[in-house]
Amino acid sequence: MGSPQVDQTDDLELLSLIGFDGRTIHGLKAHPNGEHILYPLGCKVAVVHWDSRKQDFLEGHTNVITALSISMDGKYVASGQINHMGFKAFVIIWDFDTRTALMKHDIHKVRVEALDFSFDSTYLFSLGGRDDGNVVVTHIPSLEPMCGYPATRATAGDALTLKHSNLRSSVFMSAGEGSLRVWQVNPEKRFVRAVDVQVSKIKRNVYCVTIDTQDEFAYCGTLTGDILKVALYFPEDTNKTEPVRTPNMTVCLGKIPKSKKRNAEAERYSLGVRDIIILDGLNGVRNLVVGAGNGVVELVKENENNFKGLKSPSYPLLSVLKSTSVDSAVTSLQRFRDQEIMVGNDLCEIYLINICTFNVRLIVTCHTSCIYDIAFPKNYAEVFATASKDDIRVWHTETCRELLRISVPNFTCSTVKFSADGKSIISGWNDGCIRSFTPQSGKLMYTIPNAHNKGVTALDLTSDGSTIVSGGGEGQVRIWKISSSLHKLSAILKDHKGPVSDIHVSSNNQQAVSASTDGSCIIWDIVRLVRLQILFANSLFMACRFNPDGCQVLTAGTDRKIQYWECYDGSLIRDLEGSTAAALNTLDISLDGSFFVTGSNDFLVKVWNYNEGYTTHIGIGHAGIITTVRLSPDSKYLISVSDDGAIFTWKCPFQSTVVEPGPDTSIVCAVGSEKLDVAQPISSATKDRIRIRKSTSGALGFGSGDCAKEENIVSLSRTQSACSYRSTIDVCDKPPEIENEPSEVMKPSSVRSNEVYTRGSSAMRNAIDNKSSGIICQSNQPAVPPNSKLMQSAGKISSDPCVPKSSLTRFPTAVKSETCKGQTMKKPNHRH
């Protein structure tokens, strides 16, 4: 059965985008009007109004954007992309005011390495990547490519960057691996030629180039960590573009060493010089702002060369005036509103540095790795949480601000949910533990150790919060009873033979459905703890959802099909073609069941009519595989995430007709509080073991009942900053005690939540050695990669959707489940 044909499919409206591709060299740009910043993310260019944070997008690329430039008058924007091997890479010129594309060319092959406009916006210079290696000049008034030439000599390496002249529109420089050239464009002959800069016997790989305002000198940052100062020798007449003599390197600049020795060797920047800004001061004093590969940003002054007889090629002529760090390699430096410098790093963060004080503020932050899950609180759409390879983060939906960050060192969170009352964030980790955190401060509330042997890959909660249903990489589904005083394992359900990829609890809290990569999807009765139905398909099931009325189940998987199943007898009702070429990874259904959304490996988000089974809207823009999509409880937003760390917020095209109860009035969301309130005193020993890194964003207070009181909301902020500061908490938790009772009852460790243990400490090892119960401690658990949303086959199950159904491993018809009621569970032995 296929999908019904429709005449028209609309595009989803993108409201906001959380992300910044900091790995794009010189990708962060400040608009000359001082009101907007531009940066690439995936296939789109984000245009952000700085004061209101309103976002617009330049859409038109078919693959990841690798180069970005903006003209000095602010009228034009140019962007270039990467493409598959053997295909052309597009360069697009945009009109900034109308946000429309003016022209597009595909002269370069595979990749566009760099772009730059001439100072008067007459030309656009573009540089191809390794597979292309050409410089192309485009005439902006006519919007036509004019000429091109190989960027380097045959004996040199690849060119990496371009820089325009500040007084001559037809002059620019290129630099790269063993290459440094000055170019002149002849518009009459439609020709461009290059002159190699003489650098004597020095061999350098140049990352960045900047030219002073008078076109006298160029400063070139190198991988070695020093700066080449090049004399350009242009005549005083700016109409003449031919240098009076061959440009050459005058000196190689290094930092003045801390050692007082005479003729001491110059210091160099660690991991190379990535970007340079020239600041010309009074009385002819020239200062440079240098960004290094180790995250150091320094304001340095160039001194006169009075050294003679130095053996080192780098002269110690740069004295450091001010210094700071942005924690990771600098990829972009931009002057912003005269008194500030905007810095982008390869951790996809944007900082603002005040030139006078050199104080640093973190402005933009986002995930840098794959996101596995999204969660909204019940009946509350103002915030949502994401679980990624590195941490859990809580975001404000409308402002896109990060409110809270929680990380457990060396472990990955594969799934996350909010409790029904909003008092805790419950998460599953690849070390096999289920952890609960407070949403106000990110403090650890309790841990269920050894919840699964091969990592927790999926979990869901009942609407009353009394039961957790979890799935693991070993294929087991476990049911836990949760209360304020204990956490009890109720049942172990063993019918799956492969990793559990998704779990969903029905709206009546009586049933749960689990999807697995072994080709089966099982409906469980979580009250009687038995299997109700088992669904087989020639697919690796990746997602499953109950219809809101609970009579049907929707599944999606690697066979690219969306399937409707009857819960009563497990029969297949309908299947739709979800994608023509790629596997489906995720789906979600609206509250009234009238439509659902899917995400797949073809980077598309699709909205479907549930009853008719056709696509109504498509969202285009992701540059990575879509791992999860979720609808907000108020049906206003559609959130999608991908394996490149991007978070897209779309406007939901349909409004749910189900009237849900409004958010609890006791739920509080406090963003930007200006004081520090801690609910409970924290010992000094605990403060030493909890590592808190502060950076700019809001602070979240979220809960109900007593947790919503003002004194229980933790807000870490500084009144001197324009923005408040969010806290990053690295949690090292201690496993709770397990008493020897007839049933395995795990008492929570919330009473000792402040007693955070450091992994590998002697105290922890002694506690493990003295433990006679044989509990596996978290510190000894292997780091198992999260199986959630991964295309993995389990056991003998083939990942090929075309493998015949008879080749799949069949499950026994008997229900294999173990209950803990009235039995003593055998605890596992130590594993190392």
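**View 1. An open sheet of four strands, E2-E57-E56-E55.** In this predicted model, the four strands lie in that order and the pairing is antiparallel. Strands here are DSSP runs marked E of at least two residues, helices are runs marked H or I of at least four residues, and both are numbered from the N terminus. Two strands count as a pair if DSSP finds at least two bridges between them. At the edges you will find strand E2 (13-18) and strand E55 (626-631), each of which pairs on one side only. From one strand to the next, the twist averages 20 degrees; such angles run from 0 to 180 degrees between N-to-C directions, with axes as lines fitted to C-alpha atoms. Look at E2 and its antiparallel partner, strand E57 (residues 647-651): five bridges join them. Leu14 stands opposite Trp650 in E57.

**View 2. The open sheet E3-E4-E5-E6.** Here, too, is a sheet of four strands with antiparallel pairing. Its edge strands, each pairing on one side only, are strand E3 (29-30) and strand E6 (55-59). Ala46 has Phe57 in E6 as its bridge partner.

**View 3. The hairpin of E7 and E8.** Strand E7 (residues 65-70) is largely enclosed by the rest of the structure, because six of its six residues are buried. Buried means under 20% relative accessible area, exposed means over 50%, and partly exposed lies in between (1.4 Å probe, protein chains only). E7 pairs with strand E8 (residues 76-81) over five bridges in the antiparallel sense, and Ala67 stands opposite Gly80 in E8. Five residues separate the two strands of the hairpin, and Gly74 in the turn has a positive phi of about 80 degrees.

**View 4. The second largest pocket.** Its volume is about 1,100 Å³, counted as the space filled by probe spheres set on grid points that are joined across faces, edges and corners. A pocket is an open set of points, on a 1 Å grid over the protein atoms alone, where a 1.4 Å probe fits, with protein on both sides within 12 Å along at least five of seven lines; lining residues have an atom within 4 Å of a point. This pocket is lined by 34 residues, and the closest to its centre are Lys378, Asp460, His504, Val505 and Leu591. Among the elements that give two or more residues to the lining are strand E31 (371-375), strand E43 (500-505) and E55.

**View 5. Two loop residues, Arg99 and Phe603.** Arg99 sits in the loop between strand E9 (88-95) and strand E10 (100-109). Although Arg99 is not a glycine, it has a positive phi of about 60 degrees. Arg99 is partly exposed, with a relative accessible area of 21%. Phe603 belongs to the loop between strand E52 (595-600) and strand E53 (604-609). Phe603 is not a glycine either, yet its phi is positive, at about 70 degrees. With a relative accessible area of 31%, Phe603 is partly exposed.

**Notes for all views.** Residues are numbered from 1 along each chain as its sequence is written, and side-chain values use heavy atoms, with hydrogens and water left out. As the model is predicted, local features need pLDDT of at least 70 and side-chain atom pairs count only at pLDDT 80 or more, while totals for chains, interfaces and linings use all residues.
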